[in-house]
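Dear colleague,

Please find below the structure that I am handing over to you, followed by a short account of what was found in it.

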Amino acid sequence: MKKKFNLYCGLLIAAIVFGIGLTMFETGYRMYQGGKIGWELAEKDHMTGVKRDPFWSINLMNRLTPVEMMPKGELLLGMNVNDSIVNLKTGEKMPMMTVQALVLPENGKNRMRVMQGISLIGSFLIIVFLVAFIKLVISVNKGRLFEESMETQLAWGGWAVFGMYLLGWVSTLYNYFLNVHEFEFEAYDLSILQKPDIALLYSAFGMLLVGQIFKIGRTMKEEQELTI
């Protein structure tokens, strides 16, 4: 039984590590691509004698503003589409509806710094969850099923996951309401398309529920021992 439990725990940890690793790879690749382009641009500036602000790339990143939007009425029906894109394989120029974009307003609000701060808090919550989960696995392997420490680890893990879900909404709503305040587009309505994964909420309440089940089991065990 413990072997199967450890197998499932290992698979869960592997899935978490894979997800984090994939995100880190994507971030690293984008940083590499950005660094490569920046290096090539710096060489070009050196050759042409152009002088830039040393922090211009950082300022550019801080101005990046993610926007989610849906086409208005007639655009949604495929009429009067202003945007287009070319399929290089066929040469066909096709109408295109933009639903996600990165815009660069002149007076950016440095919102990326805030969103990066939220991401750091999310990373801390992931660490809290992993620590609680590892302690939980150790407790099960040592046979400490009906002890208060088991309930504590389940509670820490559950609340950490719940915090991740809430942080997702904080980031999403923060970005959305700033967009509503700053932008209004002729052909598009601002919208929220990518929402926090509802599976996080299920997982959080599931862990908290299991923690309460173990607490009830521990209480019943203590009462039975006292009766004997």
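In what follows, a contact means heavy atoms within 4.5 Å. Please note that the model is predicted.

With that cut-off, E151 touches G211, F214, K215 and R218, leaving aside residues up to four places away in sequence. E151 itself lies in helix α5. Is E151 buried or exposed? Its relative accessibility is 11%, and because buried means under 20%, E151 counts as buried.

Helix α6 covers residues 198-227. At the start of α6, a side-chain oxygen of D197 comes to within 3.0 Å of the backbone nitrogen of A199. The buried residues of this helix are L201, A204, M207, L208, G211, G217 and R218. Among the elements that cover them are α4 (111-141) and α5 (148-182).

Turning to the strands, β2 (residues 84-87) and β3 (residues 92-95) run antiparallel and are joined by four bridges. Within this pairing, V86 stands opposite K93 in β3. The two strands β2 and β3 form a hairpin with four residues between them, and in the turn G91 has a positive phi of about 80°.

With kind regards

Definitions and conventions:
Residues are numbered from 1 along each chain as its sequence is written. This is a predicted model: local features need pLDDT of at least 70, side-chain atom pairs count only at pLDDT 80 or more; totals for chains, interfaces and linings use all residues. Side-chain values use heavy atoms; hydrogens and water are left out. The expected span of a helix is 1.5 Å times one less than its number of residues. Buried means under 20% relative accessible area, exposed over 50%, partly exposed in between (1.4 Å probe, protein chains only). A polar contact is a pair of N or O atoms within 3.5 Å; within protein, one must be able to donate a hydrogen and the other to accept it, and residues adjacent in sequence count only if both atoms are side-chain atoms. Two strands pair if DSSP finds at least two bridges between them.
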